[in-house]
Amino acid sequence: MNPAEEIKQLFPGSVVSTGLQTNKPLATIKKEDLLIIAEKVKEMGFDNLSLITGIDYRDRFEIIYNFFSYAKKQNLVLKVILDHDKPEVDSLESHWKVADWLERETYDLVGIKFRGHPNLKRILLPDGWVGHPLRKDYDMGVDQFVTLGEDGEDIVSTDGSNLLRR
Amino acid sequence: MRTEELLINMGPVHPSTHGVLRFKLTMDGEIIRKCDIVMGYLHRGTEKLGEMKTYLQFVPYTDRLDYISAFPNNYAYVKAVEELAGVEVPLRAEYIRVLTLELNRIVNHLVMLGSLLLDLGGSTMIMWGFRERENALQLFEMLCGARMTFNYIRPGGVREDLPEGFIPKLNEFIKDMENRIVDYEELISGNEIFIMRMKNIGVISAKDAINYGMTGPSLRGHGVNYDIRKIEPYSVYPDLDFRACVRNECDSFARYMVRIDEMRESLHILRQVVDAMPEGKPTSQAKYGIAPMTGAPTAVSTYFPRIFTPPPGEVYSRIEAPKGELGFYVVSDGTIKPYRIKIRSPSFCNLTAIPKMVEGLMIPDLIAAFGTIDVVLGDVDR
Amino acid sequence: MDPLTIDTTKIKITKKKPVTALDKLNDTGLISTVLAAREREGLILFSTIDQIFNWARLSSLWPVTSGLACCAIEMMATAMAHHDVARFGMEIFRASPRQADLMFVAGTVTKRMAPRVKQLYEMMAEPKWVISVGSCANTGGPYHDSYSVLKGVDLIIPVDVYIPGCPPRPEAWIYGIIQLREKIKNKGYGAKWGLNK
């Protein structure tokens, strides 16, 4: 049976819609129920969390989880729609350890906050970077420079005079 | 006896981090208690650049993600776009693609073996590995003129047909390579020092490995029979005879042996591809989407338009790259540029397991375990 | 071969046989004036400080091991058996910048890596040279539009030789190295120290 439909049967109130993402079963769910459904998804044997994608649609954020089950050789896609003003969703770090970095990356580049994440810091860009680059309203015109602090930590500023040659 | 904890910094410029990666190690004497990984020193904003380029223009950027094995990167992205746009690819193009993918898998493992052994203190293997790699690179050069960044696999097929004299040279390479792998095994696999540094080092259970998102050869060293070429067959892999190489020991040595086995399997695939190479055009001749740009036609992608508009939609497409599961999540909004490209890079997810893997080991063991994970920093930081 | 410790007692100078060590030295063009005067068992060489120093420096350039991105793989290929950069006396890639006198900036210099690259350069002892390799290090290359990439390494450190390519072939590397050797050969250190007034 299609795992997306299965989830819909188990949680009729939480699943907004089901469908296909090209050829993978897709379930769009309410953001409040992500953690409960994720627990069930893990029980169903989806032990590999392939990918977390955050997308900025200007009026809303979508966050997409691609799961795969090694035992059943099945795919499952979960999609959660978030408000644009307050993009926040529960962290799946406790169920899939790989979510730790995938969520940090999504936070870093798209700016979606993950509730309950133990170490929600920037991962690819240095701490102190202004803005989230993969948002559509990110200002590409501003140059931000990184310099080294006394302990070797990154200091971000728009002033590159310490770094650049005169 | 309680000892003082010591913080040791490794990188971002360190010979054995394969690029610009930084480990922050909390040491208790010589034992690693905690390993923090700091990355992002090669973050080039590829995903954002993808939103500014047309579908075809993004292909060269995929070359530079995992620059040791660029063909699989090309292919993974092109496959996603083709799935999104519904493009039919001629059979000959698919065979040429598989040929390049498998050849690149060998090249990747050669570099991996070389740098692993170099990190462990033996410099023979890197000389040997790069010697054979040079032969393979000459084949790549015949195909597309580039040694590392190919831009060869395009939506709708490949850029050009196989050049004259390619197949005989490839056969020569395959024949040569068979003997070389025996040499490598004689040099490394039975070496006592090597075995002592690899066996029972960097052990992590299969369940943990999956939970930490490891894929590809690194995972197959943990007894998980999982190969996307088998499970979700793509291209012409269903027609080819090969097996997924699996080892059960869960340690660094098993992960190393998987690579050696995979090189043999790749040669086996290459031989079949050469035999079964069909005649035909290497590029799809179907007209697709909006008309091509005006201007003089060039030899590049003669039939398939340079600018095209896939219908709105999203796709996650993945392949078995030499390092693991490589996927591209492409969202189209019906314009000539992708709305969003997300790269699922194997190195990034495989690296997640390192802190868990090296807890309680020593620094030299960290280097051994890290070498068998086979990470490329362009792929980690994107 | 060190010109200052040649055992000259074994060298016989005849005008018709230009194959002695001294003639070879003369042929390099580095020591323009070689006068051999046999005084008991010694030899006197006349040259300029510049030429002796430059000759020594360009013959043993030790690069620092700092690969940044794709070009670093071609750096490895250049150093390996097929292209064999040891021909130029620079096969010893030093892991510490203190022991190196040449830096290949091989790859994309991101904003986050830029202060580290600069620090590496500052840690190297004088005299030191920098070769910027590949489009990314030269100008930002394909990543010029990116938010996190520095648009050329020459914004932060002085560069002696630029090698174009994405990534440059090993032959291009070797050509770049030869260009740097030419540059070193023609540099006057004596003038800097006030020696050849």
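Q: At what angle do α3 and α4 of chain B pack?
A: About 140°. This is a predicted model. In it, helix α3 of chain B covers residues 70-85, and helix α4 of chain B covers residues 91-120. Their axes are 8 Å apart.

Q: What does that make α3(B) relative to α4(B)?
A: Oblique. The angle is about 140°, and only angles over 145 degrees count as roughly antiparallel, so this pair falls in the oblique class.

Q: Which residues meet there?
A: From α3(B), B:Phe71, B:Pro72 and B:Tyr75. From α4(B), B:Arg97, B:Thr100, B:Leu101 and B:Asn104.

Q: How do the residues of that contact divide by class?
A: Four are nonpolar, two polar and one charged.

Q: Switching to chain C. How many helices and strands has chain C?
A: Seven helices and three strands. Along the sequence the pattern is α-α-α-β-α-β-α-β-α-α.

Q: How much of chain C is buried?
A: Buried residues make up 41% of the 197 residues in chain C.

Q: And what share of its contacts join residues at least 24 apart?
A: In chain C, 70% do, counting contacts between residues at least 6 apart in sequence.

Q: Now the neighbours. How many residues of chain C are in contact with chain B?
A: Chain C gives 31 residues, and they are in contact with 28 residues of chain B.

Q: Which elements of chain C give two or more residues to that side?
A: α3 (70-79) and α4 (114-123) of chain C. The largest share comes from α3(C), with six residues.

Q: What classes are on the side of chain C that touches chain B?
A: That side has 18 nonpolar, eight polar and five charged residues.

Q: What about chain C with chain A: how many residues from each?
A: That contact takes 10 residues from chain C and 13 residues from chain A. On the side of chain C that touches chain A, five residues are nonpolar, two polar and three charged.

Q: Backbone next. Which residues does a cis peptide bond join in chain C?
A: One such bond joins C:Glu126 and C:Pro127, with omega about -10°. Another joins C:Cys166 and C:Pro167, with omega about -15°.

Q: Where is C:Pro127 found?
A: C:Pro127 is in the loop between α4 and β2 of chain C, and β2 covers residues 129-133.

Q: And C:Pro167, where is that found?
A: C:Pro167 is also in a loop, between β3 (161-163) and α6 (170-185) of chain C.

Q: What is phi of C:Asp84?
A: Near 55°, which is a positive value in a residue other than glycine. C:Asp84 is found in the loop between α3 and β1 (102-106) of chain C.

Q: Why does C:Asp84 count as partly exposed?
A: Because C:Asp84 has 13 C-beta neighbours inside 10 Å. Exposed would take 12 or fewer, and buried 20 or more.

Q: Back to chain B. What is phi of B:Asn151?
A: Phi of B:Asn151 is near 55°, again a positive value in a residue other than glycine.

Q: Where is the place of B:Asn151?
A: In chain B, B:Asn151 is in the loop between α5 (124-144) and β4 (153-154).

Q: How many other C-beta atoms does B:Asn151 have within 10 Å?
A: B:Asn151 has 18, so B:Asn151 is partly exposed.

Note on methods: Residues are numbered from 1 along each chain as its sequence is written. Chains are lettered from A and ligands numbered from 1 in the order in which they are written. This is a predicted model: local features need pLDDT of at least 70, side-chain atom pairs count only at pLDDT 80 or more; totals for chains, interfaces and linings use all residues. Axes are lines fitted to C-alpha atoms, for helices over the stretch in contact, and angles run from 0 to 180 degrees between N-to-C directions. Helices (H or I, at least four residues) and strands (E, at least two) are DSSP runs, numbered from the N terminus. Angles under 35 degrees count as roughly parallel, over 145 as roughly antiparallel, 65 to 115 as roughly perpendicular and the rest as oblique. Two residues are in contact if their C-beta atoms, placed from the backbone, lie within 7 Å. Ala, Val, Leu, Ile, Met, Phe, Trp, Tyr, Cys and Pro count as nonpolar, Asp, Glu, Lys and Arg as charged, and the others, Gly among them, as polar.
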